[in-house]
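Welcome! Please take a moment to look over the sequence and the 3D view before reading on.

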Amino acid sequence: MLKRLLLVRGSELVMFALLAIIPLFVQSGYALGLLTLLAIYGILLIGLDVTVGYLGQVNLAQAAFLGIGAYAAGIGVTRYGIGIFTAVLVAAAICTLLGALLALPALRLDGPQFALATLSFTALTTIVLNELEPLTMGAQGLSLSRPPLLGRTLTSRDFYWLCMGFLALVWMGMRNLLSSQWGRAFEALRDSPIATDAMGVGAYRHKVAGFALGSALGGVAGALYAFNFQYLQPHAFVYELTVILLLGVVLGGRKSLWGAFVGASLVALLPNLLSSKTLFQAFSAAGFAMALFAGVRGLSQKSLKPFQAISPIVATATLLVGSMVVKNTEDWRKAIFALMLFSVVVGLPEGLMGFATGFLARLFRVDPPPLPPPAPLDEVLPSRPADGEVLLEIRDLKRWFGGVKAVDGVTLRVRSGHIHGLIGPNGSGKSTVVNVVSGLYTPTEGTMLLRGEPLPIGSLFRAARAGVARTFQNLQLFTGMTALENVMVALRGVYRVPLPLVLLGFGRGEERRAQAEALALLAFVGLEGQARAPAKDLTYGAQRFLEMARALARRPEVLILDEPAAGLAHPDVVKQVEIIRRIRQRGITVVLIEHHMDVVTELCDVVTALDGGKMIAEGTPAEVKRHPKVIEAYLGSEAPGDADTHPLAPEPAGG
Ligand code: ADP
Ligand code: MG
């Protein structure tokens with residue numbers, strides 16, 4: 001406990017303490033100016049890391065938000081005489097708003113298109129700042145003076161402390177946010193936006209909120225930037241800066257506050273340090289040593305491919321030789337960026353901090369905080385009385401894909417407390433029914449009711465909120481997260497603390513509660529021992545069970561399982577059957593798509609059989625199994641020898 005506190009929090013405290021006392025020893029205004037810039041870029045890059053690191057989007061708009069924040073503060077001070085804190089707030093508010101406005105359309109786009117949309121926003125911003133002369137003074141530039149704070153004129157030392165204070169606040173707030181449900185949602189939507197929506201978390205709204213938050217931090221940095229330089233020109237915020245900021249995040253290491261800080265130091269300090277030839281050479285030598293070390297280490301541990309180890313060594317060696325021969329380092333200092341970026345992208349995909357933490361973590365093993373005991377199952381998954389009334393009703397549902405009538409008039413009445421089986425040969429439309437009911441697809445025609453109320457149409461998120469939970473035929477786990485976090489993302493009704501309080505660190509209580517509930521659900525599916533294992537490291541069977549636990553975290557009215565036993569070895573099929581049986585015992589209604597007929601017979605109260613998108617039979621498992629149309633459908637469609645997926649086949653080998 002103490003060790004963890006010292007190592008994890010201690011390093012942050014030591015860093016901020018050191019930064020705080022620097023001005024007592026460093027008198028040079030130039031050095032202090034650089035360090036102030038470090039604080040400002042720190043805030044800027046922490047903001048950028050939200051989109052680039054956590055949301056995994058190439059965001060080229062951060063320089064624009066720096067500019068907008070700077071001009072908002074500058075204009076506010078010169079025209080309206082506002083104070084420093086008001087200016088920071090105004091800048092943050094304007095950037096939040098513009099960030100959200102940009103994100104709403106842009107985040108509907110993917111990859112390169114999103115990057116281009118943000119790039120054009122940056123271009124537009126510089127043009128507007130240039131042309132809006134009455135307000136911004138255009139290319140001539142806007143001069144402002146730093147307003148006094150609480151009646152006191154700020155010296156450059158005071159202003160440095162102020163900026164560091166802001167950095168510390170932002171750091172704390174972001175750490176609290178990223179270790180809360182918000183941070184998990186950001187990570188989840190990067191791994192699987194579909195599952196994020198299907199777990200009722202809302203991928204799109206979290207993306208927009210994350211982008212707006214990152215932009216707001218850009219605005220805060222911008223306001224401080226304005227008070228630092230006290231002179232603004234639009235061309236300071238062009239796309240070149242945007243690219244350099246992106247480099248900073250990637251070099252430093254994504255998804256890490258320390259990474260953003262390291263990136264900020266590189267971006268803020270390096271160009272100035274490198275104008276001295278000695279420092280340029282020292283830096284090149286250090287880069288070469290680092291590439292050599294990382295390369296040899298990576299090769300011996302087989303974590304790097306040969307080219308990943310060798311190209312950074314070659315690149316940094318070139319740099320080192322270059323630093324010896326070139327006369328004027330001033331002209332070459334941008335080359336160091338280019339070669340460093342190349343080396344890091346190739347050789348250290350996790351960035352400098354990612355490399356360092358992986359390394360440090362092994363040196364000082366810090367155990368994660370112990371987990372709370374699991375919550376009582378009755379609180380997490382209260383048994384509900386099953387009344388046998390119709391819970392989910394689907395009438396004449398159709399879904400066509402062009403000419404393919406995947407679902408062509410299906411009517412289902414699923415009764416509360418039942419396990420309702422859905423069978424049919426491959427391609428008969430079972431998954432499409434699930435995808436329409438759960439909101440992944442919009443129906444072409446038809447009615448869907450849950451307890452007599454229309455189900456939301458064409459929105460995984462809203463269907464999930466209405467009480468439908470599902471698993472996926474092809475697993476959709478949040479692979480980068482632990483088993484526990486996978487379940488925690490989906491938990492319903494636990495996260496109540498509003499965002500401002502989460503930023504201040506008041507979300508910890510409900511975090512413990514969420515952990516306890518998620519643990520109970522993991523225990524329910526027999527995974528309590530693997531809570532801390534990354535989902536991608538679980539066995540295939542365990543991954544299927546984890547998806548069930550995650551869907552149960554929604555406390556759904558209806559749980560739709562799309563071939564939960566597909567690909568499982570026999571012992572795991574037995575476990576799966578047992579889990580589904582216990583789900584029914586808790587009063588949760590289940591729609592079960594299943595190929596193993598023995599499983600269907602064992603579990604289902606009612607079975608509906610589909611073929612070619614149409615219903616061909618309905619009844620008890622025994623009735624449906626004997627139905628001539630069902631027999632014909634299976635005999636007609638399955639390749640001979642495909643016994644494993646044949647519902648009428650005897651149990652597969654091994655049982
Ligand atoms: P099942 O789950 O019963 O094996 P599906 O519902 O996955 O069957 O598929 C039914 C039919 O619909 C198949 O012919 C499939 O090719 C088609 N289909 C399913 N999804 C799509 C889609 N997104 N686009 C085009 N065709 C689709
Ligand atoms: Mg299917």
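By class, how many nonpolar, polar and charged residues does the shell around ligand 1 have? The shell has five nonpolar, six polar and one charged residues. Here Ala, Val, Leu, Ile, Met, Phe, Trp, Tyr, Cys and Pro count as nonpolar, Asp, Glu, Lys and Arg as charged, and the others, Gly among them, as polar.

## About the model

This is a predicted model, where local features need pLDDT of at least 70, side-chain atom pairs count only at pLDDT 80 or more, and totals for chains, interfaces and linings use all residues. Residues are numbered from 1 along each chain as written, chains are lettered from A and ligands numbered from 1 in written order, and side-chain values use heavy atoms, leaving out hydrogens and water.

## Around ligand 1

The residues around ligand 1 (a heavy atom within 4 Å) include Phe401, Val404, Pro425, Lys430 and Tyr441. Backbone N or O atoms also lie by oxygen atoms of ligand 1: at 2.8 Å for Ser431, 3.0 Å for Gly429 and 3.2 Å for Ser428.

Taken alone, ligand 1 exposes 560 Å², and the protein buries 63% of that (Shrake-Rupley method, 1.4 Å probe). Two or more shell residues come from each of β4 (404-415) and α18 (430-437), and α18 gives the most, with three. Helices (H or I, at least four residues) and strands (E, at least two) are DSSP runs, numbered from the N terminus.

## Helix α8

Now for another part of the model. In α8 (residues 181-191), the buried residues include Gln181, Arg184, Phe186 and Leu189; buried means under 20% relative accessible area (1.4 Å probe, protein chains only). Among the elements that cover them are α2 (29-54), α7 (156-178) and α10 (203-229).

Methods. Polar contact = N/O pair within 3.5 Å; in protein donor to acceptor, adjacent residues only side chain to side chain. Buried < 20%, exposed > 50% of the residue type's maximum accessible area, 1.4 Å probe, protein only. Contact = heavy atoms within 4.5 Å.
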